[in-house]
Amino acid sequence: MVQGANGAVEKPSKMRWGELEEDEAEDLDFLLPPPRVIGPDENGIKKVIEYKFNDEGNKVKITTVTRVRKLAKARLSKKAVERRSWPKFGDAVHEDVGSRLTMVSTEEIVLERPRAHGSKPEESTAAGDPLAQVGKKGAVLMVCRTCGKKGDHWTSKCPYKDLAPQSEAFVDKPSGPEPTASKSNAYVPPSMRGGAVERAGTEMRRRNDENSVRVTNLSEDTREPDLLELFRTFGPVSRVYVAVDQRTGLSRGFGFVNFVNKEDAERAISKLNGYGYDNLILRVEWATPRTN
Amino acid sequence: MRPILMKGHERPLTFLKYNREGDLLFSCAKDHTPTVWFADNGERLGTYRGHNGAVWSCDVSRDSMRLITGSADQTAKLWNVQNGSQLFTFSFDSPARSVDFSVGDKLAVITTDPFMEVLSAIHVKRIARDPADQSGESVLILRGHQGRINRAVWGPLNKTIISAGEDSIIRVWDSETGKLLKESDKESGHKKTITSLTMAADGSHFVTGSQDKSAKLWDSRTLTLLKTYVTERPVNAVAMSPLLDHVVLGGGQDASSVTMTDHRAGKFEAKFYDKILQEEIGGVKGHFGPINALAFNPDGKSFSSGGEDGYVRLHHFDPDYFNIKI
């Protein structure tokens with residue numbers, strides 16, 4: 001015991017470490033700074049900073065960030081307040097608090113105002129690049145079937161109207177076009193009947209589908225807008241799709257993203273494969289096995 | 001807004017109704033068990049067990065003590081709202097569909113479907129104060145509808161009964177004599193089955209929704225067509241905001257797209273229209289199946305929708321909903 005200058009007996013302010021026993025470690029809490037609560041700010045974010053000793057005896061700072069949301073306030077009449085305290089009946093009798101019958105949606109739903117068809121959203125498009133509009137709501141991908149050039153003009157306005165379609169068009173087809181005269185009795189599917197023009201168009205679309213990227217190991221509430229947001233930084237996206245289980249409404253864990261440009265798809269694959277997204281590690285690869 | 005999802009029903013929803021004070025929400029579905037929820041947080045209060053068939057509609061008395069339900073098991077039942085006990089059962093020869101309490105809750109109108117040889121009819125029953133005095137006798141039976149009657153409600157001041165159904169004609173009947181007073185005009189009226197009808201809070205006008213992908217606003221007294229709201233999908237449910245001049249339509253799949261169905265989840269939406277300008281204000285997405293039931297809270301600050309997916313979605317409006325300008 002230490003005697004203070006004024007003669008009063010003071011309790012020791014610091015315990016001698018040798019006198020402490022292992023399981024009294026909790027008493028050391030007074031050595032820790034007091035917990036702080038940074039109350040809800042205008043966004044409703046509340047931070048609670050606590051200090052603890054972890055198992056190894058180290059001082060640990062735990063920061064908990066929560067979002068305080070105000071549910072709609074219901075002003076109840078007197079009768080309604082009475083009804084609030086009615087006992088549960090019917091099938092609700094054995095309900096426990098943890099039953100998941102009533103859940104607040106994790107998605108923020110808005111009253112979506114209708115937008116005029118084809119009007120551009122306010123986001124800035126890449127300078128002069130008509131392709132940048134692709135993938136945004138309401139915009140249209142202009143495809144010319146004759147020259148296969150995207151975004152510049154429609155087929156009827158093609159400067160190369162008279163020229164034959166590009167020879168590349170035939171590379172991917174397994175068999176060349178067959179004139180109907182050679183095998184007059186066999187059924188010739190429409191795509192092979194001799195209309196080369198349409199083939200160039202499908203080649204266009206197929207080329208776009210070669211820029212298709214498959215994304216797997218998606219979390220269950222990932223949807224198209226999330227993928228779009230994630231992938232659009234690599235370039236214009238023409239289509240996004242997320243496979244969803246119709247019954248449960250949860251994502252089946254995979255989806256496809258179609259880029260307009262192959263290079264963007266390549267970069268997206270190299271950057272996002274292995275990327276952590278919503279507690280899962282994404283797997284991003286080409287949708288079809290061949291890359292070039 | 002963050003809708004509250006309530007999955008209490010295993011089968012598609014058929015009807016939703018708020019009580020007068022807006023603190024209770026009653027839901028009916030094809031799973032035989034109407035359920036009551038608290039309208040502020042979606043917590044389930046209880047279920048009414050007893051029906052043997054799909055429950056098509058319900059109505060609650062003004063004091064929130066009595067509930068009446070109409071079911072495909074050819075009965076309509078009166079329930080004690082508080083504890084779920086059955087007070088009385090009205091039996092019919094065919095499935096009962098639409099039920100509605102009159103102003104004052106002394107009478108109720110119940111419609112029955114056509115079934116084998118029996119034609120569809122509208123029954124008016126007296127509701128006794130004391131359930132022990134309740135009798136099953138009909139005060140009035142109205143016949144004349146061709147095909148199923150999907151909805152029948154009391155007109156202003158209980159003077160008339162307004163009914164609509166599969167033959168796409170709206171009929172106004174005198175509730176005392178049973179005489180048919182008016183029929184809606186065939187030219188301007190709906191072209192296909194009228195699936196739903198909702199009366200304004202003051203009874204002066206009502207909205208009908210039909211499979212012909214439109215909804216129409218009518219005057220209750222003269223049956224004049226006032227407005228038409230056009231959508232892209234058959235309309236299964238309609239609701240009117242008691243606070244603002246909004247009409248909400250909920251519907252089903254476009255018939256032509258049934259085979260190429262867009263499997264993107266949550267695409268079915270409740271569409272908001274300006275009641276007077278007939279223009280679309282917006283849509284609230286989220287249901288995984290066609291919307292079959294819509295109801296507005298009497299305070300106008302929240303609404304709920306019930307879908308084919310068995311979910312009830314309860315939406316409390318954000319403050320900017322009340323500032324929408326066209």
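This report describes salt bridges in a predicted model.

## Overall count

Over all chains, a search of the whole structure identifies 18 salt bridges. The sections below treat several of them in turn.

## The pair B:Arg171 and B:Glu183

In chain B, the side chains of B:Arg171 and B:Glu183 form a salt bridge, with an N to O distance of 3.2 Å. B:Arg171 belongs to strand E16 (residues 171-174) and B:Glu183 to strand E17 (residues 180-183), so the contact ties together parts that lie 12 residues apart in sequence.

The two partners can also be described by their accessibility. B:Arg171 is buried, its relative accessible area being 5%, whereas B:Glu183 is partly exposed at 42%.

## Salt bridges of B:Lys271

B:Lys271 is joined to B:Glu232 by a salt bridge in which the closest N and O atoms are 4.0 Å apart. B:Glu232 is located in the loop between strand E21 (225-230) and strand E22 (235-240) of chain B, while B:Lys271 is in strand E24 (residues 268-274) of chain B; the pair therefore ties together parts that are 39 residues apart in sequence. B:Glu232 is exposed, with a relative accessibility of 56%, but B:Lys271 is buried at 11%.

B:Lys271 also forms a salt bridge with B:Glu269, and here the closest N and O atoms are 3.7 Å apart.

## A network with residues of chains A and B

Salt bridges with shared partners link A:Arg84, A:Lys88, B:Asp40 and B:Glu43 into one network.

Key
Residues numbered from 1 in each chain as written. Chains lettered and ligands numbered in written order. Predicted model: local features only at pLDDT ≥ 70, side-chain atom pairs only at ≥ 80, totals over all residues. Heavy atoms only, no water. Helix = DSSP H or I, 4+ residues; strand = E, 2+ residues; numbered from the N terminus. Buried < 20%, exposed > 50% of the residue type's maximum accessible area, 1.4 Å probe, protein only.
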